[in-house]
Amino acid sequence: METRSLGGQGLVVSAEGLGCMGMSEFYGDADEDGAVATIHRALELGVTLLDTADMYGPFTNERLVGRAIAGRRDQVVLATKLGNERRPDGTWVGINGRPEYVRAACDASLERLGVDVIDLYYQHRVDRTVPIEETVGAMAELVQEGKVRYLGLSEAKPETLRRAHAAHPISVLQTEYSLWSREPEAEILPAVRELGIGFVAYSPLGRGFLTGRFTTEEDVGGAGDFRSRHPRFQGENFRSNREIVERVAAIAADKGVTAGQLALAWVLHRGDDIVPIPGTKRVEYLEQNVAAVDVKLSGDDLRRLDAAAPFGLTSGDRYADMSTVNG
């Protein structure tokens with residue numbers, strides 16, 4: 001597994017990370033033992049970046065990751081997030097970037113994870129009622145105290161990112177990015193590169209859509225699978241987006257790889273300052289995803305993919321409520 005440097009503060013991670021969210025919530029039933037086995041296999045394969053958040057579960061995903069990395073801490077670059085406030089029963093409270101909340105959230109995450117320091121600490125969503133300088137200032141105090149090593153933001157617009165970076169160096173911006181979510185190419189990727197900030201791409205497989213596993217809306221899952229509430233998985237949007245997947249799958253077949261591996265390879269080829277974090281709770285899918293690191297794309301391959309999934313072609317918004325992103 002190759003490594004990549006993110007930002008200018010010394011953060012080095014595997015070229016591909018592992019998103020742990022779906023191990024606890026949002027993508028159907030959880031299997032904690034299977035999830036732990038998947039994390040262990042990821043570490044064996046050289047994946048170092050593990051991505052979680054306090055709101056996943058809520059709170060149970062951090063405990064799961066903490067259990068999985070016990071005795072393996074030196075193999076892990078541990079990333080977690082604060083700011084999407086939920087109650088233990090799962091009730092949504094809101095976005096919280098107040099300095100006093102930052103400190104309390106960090107201490108709680110450290111306890112659940114069973115570690116002394118968080119390697120990469122993100123503000124999960126921007127609280128537009130609190131100046132970003134105040135939130136990042138509180139996060140910077142955690143760095144000074146040795147509780148956090150590097151800071152990141154998630155789903156922040158360029159203006160917010162610049163202000164945050166001026167308050168304290170930001171190492172990473174995390175935003176959705178894939179063949180069907182190319183919006184960062186317009187303003188966000190130019191901004192992070194101007195500032196020397198690394199980029200972590202979440203949902204690089206389009207929440208599984210780009211693997212080709214969903215042929216009809218009924219394939220998306222039951223009440224425990226929140227993808228069924230996403231506009232891109234519904235109605236005419238679904239049918240239109242299936243055409244994109246079919247074109248990507250045809251290119252993948254020509255190369256002798258899966259559609260998912262081709263989609264991940266495309267993200268990996270967008271720059272060595274980009275790290276995708278595909279999520280899975282199964283060892284089989286993890287191994288397929290990691291193999292994408294070895295998929296080489298020629299200039300012709302990239303041109304074919306650009307034609308198959310051009311910027312702006314995807315139908316439907318990324319979320320049913322887009323008000324919390326690009327803050």
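**Helices, sheet and cores**

Reply: Keep in mind that this is a predicted model. Start with helix α2 (residues 60-69) and helix α3 (residues 99-113): they pack at an angle of about 45 degrees, and their axes are 7 Å apart.

Me: What do we call α2 and α3 relative to each other, oblique or roughly parallel?
Reply: Oblique. Angles under 35 degrees would count as roughly parallel, and α2 and α3 pack at about 45 degrees.

Me: Which residues of α2 and α3 meet?
Reply: From α2, Glu62, Arg63, Val65 and Gly66. They meet Ser109, Arg112 and Leu113 in α3. The residues of this contact divide into three charged, two polar and two nonpolar.

Me: Switching to the sheet. What order do the strands take?
Reply: The order is β3-β4-β5-β8-β9-β10-β11-β12. These eight strands form an open sheet with parallel pairing.

Me: And which are the edge strands?
Reply: β3 (18-19) and β12 (274-276), which each pair on one side only.

Me: How many bridges join β5 to β8?
Reply: Four, between residues 77-82 of β5 and residues 118-123 of β8. Threonine 80 stands opposite tyrosine 121 in β8.

Me: Now the inside. How many residues does the largest nonpolar core have?
Reply: It has 77. Leu18, Tyr121, Leu153, Leu173 and Phe199 have the most contacts inside that core. Another core lies apart from it, with 16 residues, including Leu11, Leu49, Leu120 and Val275.

Me: What is leucine 153 in contact with, leaving aside neighbours within four places in sequence?
Reply: Among its partners are Tyr122, Ile132, Val136, Leu161, Ile170 and Leu173. Gln123 and Gln174 are also in contact with leucine 153.

Note on methods: Residues numbered from 1 in each chain as written. Predicted model: local features only at pLDDT ≥ 70, side-chain atom pairs only at ≥ 80, totals over all residues. Heavy atoms only, no water. Axes fitted to C-alpha atoms, helices over the stretch in contact; angles between N-to-C directions. Helix = DSSP H or I, 4+ residues; strand = E, 2+ residues; numbered from the N terminus. Parallel < 35°, antiparallel > 145°, perpendicular 65-115°, else oblique. Contact = heavy atoms within 4.5 Å. Nonpolar A, V, L, I, M, F, W, Y, C, P; charged D, E, K, R; others polar. Core = buried A, V, L, I, M, F, W, Y, C linked by side-chain atoms within 4.5 Å. Buried < 20%, exposed > 50% of the residue type's maximum accessible area, 1.4 Å probe, protein only. Pairing = 2+ DSSP bridges.
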